[in-house]
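The sequence and structure come next.

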Amino acid sequence: GAGAVNERRLLDDLFAGRAKLSDRVEEHMSEPLPTIGAGESVSAAMRALANADGALVLMDGRPAGVVTRQDVLGFLAGR
């Protein structure tokens, strides 16, 4: 199954000895990222990011990128 790799969790696991650099990435995947459509509003992105650090952006049903909380905060700060 598909999932996401949480950088913070992976680094914590590496330092705690629960993960090794030689491990396969699939051994450390967490839940898949929430998805939003490329044409959806910023408020939809904020809702998708309520419980996740990032959201997979879909364009015509295909992955087109990832938007993070930092991306949305940067957008709002620049307005």
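Helix H3 is the biggest contributor to the lining of the second largest pocket, giving 3 residues. The model is predicted: local features need pLDDT of at least 70, side-chain atom pairs count only at pLDDT 80 or more, and totals for chains, interfaces and linings use all residues. Residues are numbered from 1 along each chain as its sequence is written, and side-chain values use heavy atoms, with hydrogens and water left out.

**Second largest pocket**
- Its space comes to about 150 Å³.
- Strand E1 (35-37), helix H2 (42-48) and helix H3 (69-77) are the elements giving two or more residues to this lining; helices (H or I, at least four residues) and strands (E, at least two) are DSSP runs, numbered from the N terminus.
- Among the lining residues are Ile36, Val42, Val57, Asp71 and Phe75.
- The lining holds 8 nonpolar, 2 polar and 2 charged residues.

**Largest pocket**
- The largest pocket holds about 320 Å³ of space.
- Val5, Asn6, Leu33, Asp53 and Gly54 are the closest to its centre among 15 lining residues.
- Helix H1 (residues 7-16) supplies the largest share of this lining, 3 residues.
- The lining splits into 5 nonpolar, 5 polar and 5 charged residues.

**Glutamate 31**
- Glutamate 31 sits in the loop between H1 and E1.
- Glutamate 31 counts as exposed because its relative accessibility is 65%, the cut-off being over 50% with a 1.4 Å probe and protein chains only.
- Leaving out residues up to four places away in sequence, glutamate 31 touches Gly3 and Ala4 (heavy atoms within 4.5 Å).

Conventions: On a 1 Å grid over the protein atoms alone, a cavity is a set of points where a 1.4 Å probe fits but cannot get out, and a pocket is an open set with protein on both sides within 12 Å along at least five of seven lines; lining residues have an atom within 4 Å of a point. Grid points are joined across faces, edges and corners, and a volume is the space filled by probe spheres set on the points. Ala, Val, Leu, Ile, Met, Phe, Trp, Tyr, Cys and Pro count as nonpolar, Asp, Glu, Lys and Arg as charged, and the others, Gly among them, as polar. Buried means under 20% relative accessible area, exposed over 50%, partly exposed in between (1.4 Å probe, protein chains only).
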